[in-house]
Amino acid sequence: MNKVAFIFHTPPHGSAAGREGLDAVLATSALSEELAVFFIGDGVYQLKSAQAPAAIHGRDYAPTFGLLELYDIEHIYVCANALMKRNLALADLCIEAQACTQEELTRLLGEYDVRLIF
């Protein structure tokens, strides 16, 4: 089975990419245990606690990221530089994730055969 990386790089507002990516992660987790989720750039906003995307989208899917743990998805990485540039810390996120440098993320992503970007 291929190792699959899901990369979130867009904010939760303005498009359905985040919700579609989350749906893809959860669906793929039923088929493979070899997957990881990466949040880079504005994608770190996907995990920011205390948002109100329902005011924009009419729905709030951010709490659904909590299902990653229920689905035994353990490899969740965020770009430390992206957090810093956006004045965020790991404590500001709605789920537990490992902060990595750009170099670490590049190395980790190199371990995955398939990379899906949302």
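The buried residues of helix α5 are covered by elements that include β1, β2, β3 (76-79), β4 (98-100) and β5 (114-117). Here, buried means under 20% relative accessible area, exposed means over 50%, and partly exposed lies in between (1.4 Å probe, protein chains only). Cover is judged by contact, meaning heavy atoms within 4.5 Å. Helices (H or I, at least four residues) and strands (E, at least two) are DSSP runs, numbered from the N terminus. The model is a predicted one, in which local features need pLDDT of at least 70 and side-chain atom pairs count only at pLDDT 80 or more, while totals for chains, interfaces and linings use all residues. Residues are numbered from 1 along each chain as its sequence is written, and side-chain values use heavy atoms, with hydrogens and water left out.

Helix α5 spans residues 102-109, and its buried residues are Leu105, Leu108 and Leu109. These residues cover an arc of only 95° around the axis, which puts them on the same side of α5. The arc is that of the directions from the helix axis to the C-beta atoms. Glu103, Thr106 and Arg107 are exposed on the other side of α5. Arg107 also forms a salt bridge with Glu111 (3.1 Å, N to O). A salt bridge is a side-chain nitrogen of Lys or Arg within 4 Å of a carboxyl oxygen of Asp or Glu. Glu111 is partly exposed, because its relative accessibility is 37%.

Helix α1 was examined in the same way. Its 13 residues (17-29) reach 18 Å from first C-alpha to last, close to the 18 Å expected at 1.5 Å a residue. The expected span is 1.5 Å times one less than the number of residues. Ala17, Gly18, Gly21, Leu22, Val25, Leu26, Thr28 and Ser29 are the buried residues of α1. Seen down the axis of α1, they fall within an arc of 165°, so they line one face of the helix. They pack against β1 (4-8), β2 (35-39) and α3 (67-70). An α-helix has 3.6 residues a turn, so residues three or four places apart point the same way.

Helix α1 also holds a charged pair. Arg19 and Asp23 lie four residues apart in α1, about one turn of the helix. Their side chains meet in a salt bridge (3.2 Å, N to O). Arg19 is partly exposed, with 27% relative accessibility. Asp23 is partly exposed as well, at 36%.

The structure holds three salt bridges. One of them joins Arg86 to Asp42, with the closest N and O atoms 2.9 Å apart. This pair links distant parts of the chain, 44 residues apart: Arg86 is in the loop between α4 (80-85) and β4, and Asp42 is in the loop between β2 and α2. Asp42 is partly exposed, at 31% relative accessibility.

The loop between β2 and α2 (54-57) also contains Gln46. Gln46 counts as buried, because its relative accessibility is 1%. A polar atom of its side chain lies 2.9 Å from the backbone oxygen of Thr10.

The largest nonpolar core has 36 residues, of which Phe8, Val25, Phe38, Phe39, Phe65, Leu68 and Ile73 touch the most other members. β1, α1, β2, β3, α4 and α5 each supply at least two residues of this core. Such a core is a set of buried Ala, Val, Leu, Ile, Met, Phe, Trp, Tyr and Cys residues joined through side-chain atoms within 4.5 Å. Leu68 touches Leu22, Val25, Leu26, Ile73, Ile76 and Ile95, not counting residues up to four places away in sequence.

Backbone angles were also examined. Asp72 is not a glycine, yet it has a positive phi of about 60°. Asp72 sits in the loop between α3 and β3. It counts as exposed, at 61% relative accessibility. Asn87, also a residue other than glycine, has a positive phi near 55°. Asn87 is in the loop between α4 and β4, and it is exposed, with a relative accessible area of 71%.

Glu34 is found in the loop between α1 and β2. Glu34 is partly exposed, at 40% relative accessibility. Glu34 and Lys3 are 31 residues apart in sequence, but their C-alpha atoms are 4.8 Å apart in space. Leaving aside neighbours within four places in sequence, Glu34 is in contact with Asn2, Lys3, Val4 and Tyr112.

Key. Polar contact = N/O pair within 3.5 Å; in protein donor to acceptor, adjacent residues only side chain to side chain.
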